[in-house]
Amino acid sequence: MVTLEMIDAGVKIAAGMLLSGLVFLYYLRRHQSLDTRVEAEIRRRRELFELVAANVGRVHYVYQQYLALATEFTRYGQHWPKSRRDELARVGDELAVVFHALTEAESTLLLLGEKRLERALRIYGAKIVNLRRQIYAEKQQLSGEEIHLLDDVKKEISQLKESFFDALSVRYMPKKAAS
């Protein structure tokens, strides 16, 4: 009788251990599945941030070309060769075309719930548009005040780009979850 009780107790202990082991395995699989989904979401979010950065980079590249020509225009005014004026007009048109990339970046940020980043990007774009309105190929000459304002706008655009990328990089790197 003692042996049957021992066998019964042993079976109950083994069944309890087996059940505990199965519950633990279920927990581990579910936990790993959640981790995998979270990692996939973080990876996708980072890819979208990279796409935003690439779009802004494309716009900034064309803006830099435009800025170089605009700066040259401020030096020569009416004496600027027609070929350079034509190039300024072409780059100005290209700037308008690549603004589609800026709009895509803004939309992506809104989809990610990044309203502050989107607003910062919109302000950055508006400043570039303002610069383009001040300097264009058909304009004959810039006044001294316009040249001074151009310098201020260039600095402001540079600061806006830098602060946007600073904020974007903070959002790009996800915070570590507390263990």
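Helices (H or I, at least four residues) and strands (E, at least two) are DSSP runs, numbered from the N terminus. The structure on display is a predicted model, in which local features need pLDDT of at least 70, side-chain atom pairs count only at pLDDT 80 or more, and totals for chains, interfaces and linings use all residues. Residues are numbered from 1 along each chain as its sequence is written, and side-chain values use heavy atoms, with hydrogens and water left out.

**Stop one: Arg44 and Glu47**

Select helix α1 (residues 2–76) and display Glu47 and Arg44, which lie 3 residues apart in that helix and are thus separated by about one helical turn. The two form a salt bridge (a side-chain nitrogen of Lys or Arg within 4 Å of a carboxyl oxygen of Asp or Glu), with the closest N and O atoms 3.6 Å apart. Glu47 is partly exposed at a relative accessible area of 38%, and Arg44 is partly exposed at 47%; here buried means under 20% relative accessible area, exposed over 50%, and partly exposed in between (1.4 Å probe, protein chains only).

**Stop two: Arg45 and Glu114**

Select Arg45 next, together with Glu114; their side chains meet in a salt bridge of 2.4 Å, N to O. This pair links distant parts of the chain, 69 residues apart: Arg45 belongs to helix α1, and Glu114 to the loop between α2 (82–111) and α3 (115–134). Glu114 counts as buried at 8% relative accessibility, whereas Arg45 is partly exposed, with a relative accessible area of 25%.

**Stop three: Glu72 and Arg84**

Move to Glu72 in helix α1 and Arg84 in helix α2, a pair that links distant parts of the chain, 12 residues apart. The closest N and O atoms of their salt bridge are 2.6 Å apart. Glu72 counts as buried at 18% relative accessibility, and Arg84 as partly exposed at 24%. Across the whole structure, a search finds 12 salt bridges.

**Stop four: Asn55**

Return to helix α1 and select Asn55, a residue that counts as buried at 2% relative accessibility. Which side chain makes a polar contact with the side chain of Asn55? It is that of Arg58, at 2.8 Å; a polar contact is a pair of N or O atoms within 3.5 Å, where within protein one must be able to donate a hydrogen and the other to accept it, and residues adjacent in sequence count only if both atoms are side-chain atoms. Finally, display Ala101, Glu104 and Ala105, with which Asn55 is in contact (heavy atoms within 4.5 Å), leaving aside its neighbours within four places in sequence.
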